Amino acid sequence: MKKVFGVEKFKGLLLAGSFTVLANYFVRLSDSIVAGNMLGPDALAGINLVSSVLAGISFFSGLVSTGMATNYSLAMGRCEKTRARQFFMQALWMILGVGGTLSLLLCFGRGAFVGYMGASETISGYALDYLSWAWVVVVPECLMGLLIMLGYADGDAKLCTTAYAVNFVVNLGVSIVAIKCGMGAGGCSFATLMADLAGIGVLVAHFFRKSNTFAPVRHFSLLDSWRIVAASFGDAAAFLCDGLLFFFLNKYVIMNFGSAVLPVVGVATALWG
């Protein structure tokens, strides 16, 4: 039976894409599992308290990386290699500029955010402990997402799958070691940073493979930023809605039932994933 190119490529990307979704879920879930088992239910509640912030980071990452990949692939389909590379460069500037700004806002505004949620002192302490490293994660996580999508656009699905596997293993292992070394809930976010850097290290290998179509070009265009956002908002909006759900749910529970119920909310939202 004659193989159809589009069908064969879809099969390969289906497996890699499914693994990506599962890996993303388990990486997020691992923080809750490790913190809950090693630090107790208040730590689980503390991490869940800032789940809306984590969803916001995923929203921005998806907005840039998916929009870049869509425009990159369309340009390559038109045999416009330079145009495709311009979209990657513009996405990179967006991550460094907007992502860096969001990182600073999280660094200096995390106290105000946790204070507004109004949880107990213990749970708020765990949340602030977790955010002590989480603000550093913004740019590396977005950069890893960008490189993942470039790999998929170039058909390097196996390398992307490997990067996610490494990311998960490093995140889980470093979380356990960091907490045992006394880093508390911050050890989980520190592990996320190390895992993202490890994933980036794997993905950089794509630039040296034959399948790579990217080469650096000088380019900056605000209009291209709009094109990137317009091409990905529909997909990335799922993370935005998750963030809003987690924010209002946590606030509602604290106002009506108190902080004692937050560990239950943490387990429920983790399982909803």
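A cavity, on a 1 Å grid over the protein atoms alone, is a set of points where a 1.4 Å probe fits but cannot get out; a pocket is an open set with protein on both sides within 12 Å along at least five of seven lines; lining residues have an atom within 4 Å of a point. Grid points are joined across faces, edges and corners, and a volume is the space filled by probe spheres set on the points.

Now the ground rules. This is a predicted model, where local features need pLDDT of at least 70, side-chain atom pairs count only at pLDDT 80 or more, and totals for chains, interfaces and linings use all residues. Residues are numbered from 1 along each chain as its sequence is written, and side-chain values use heavy atoms, with hydrogens and water left out.

Cavity first. The count is one cavity of 30 Å³ or more. The largest cavity holds about 40 Å³ of space. Which residues line the largest cavity? They are R28, L54, I57, Y130, A134, V137, E141, S189 and T192. Helices here are DSSP runs (H or I, at least four residues), as strands are (E, at least two), numbered from the N terminus. α3, α5 and α7 each put at least two residues into that lining. α5 gives the most, with four. By class, the cavity lining has five nonpolar, two polar and two charged residues. For the classes, Ala, Val, Leu, Ile, Met, Phe, Trp, Tyr, Cys and Pro are nonpolar, Asp, Glu, Lys and Arg are charged, and the others, Gly among them, are polar.

On to the pockets. The largest pocket has about 1,400 Å³ of space. Its lining runs to 46 residues, with N24, Y25, R28, S58 and F239 nearest the centre. R28 also lines the largest cavity. Which helix gives the most to the lining of the largest pocket? It is α1, with twelve residues.

α4 has the largest share, seven residues. Nine of the lining residues are nonpolar, three polar and one charged.

Next, helix packing. Two packed helices are described by the angle between their axes and the distance between the axes. Axes are lines fitted to C-alpha atoms, for helices over the stretch in contact, and angles run from 0 to 180 degrees between N-to-C directions.

Take α5 and α7. They pack at about 20°, axes 8 Å apart. So α5 and α7 are roughly parallel (under 35 degrees is roughly parallel, over 145 roughly antiparallel, 65 to 115 roughly perpendicular, the rest oblique). The contact of α5 with α7 has 16 nonpolar, five polar and three charged residues.

Then α3 and α8. Their angle is about 170°, with axes 7 Å apart. That makes α3 roughly antiparallel to α8. This contact has 15 nonpolar, eleven polar and three charged residues.

Last, two single residues. C79 sits in the loop between α3 and α4. Phi of C79 is near 65°, a positive value in a residue other than glycine. Is C79 buried or exposed? It counts as exposed, at 69% relative accessibility (buried is under 20% relative accessible area, exposed over 50%, partly exposed in between, with a 1.4 Å probe and protein chains only). L15 is in helix α1. L15 is exposed too, at 65%.
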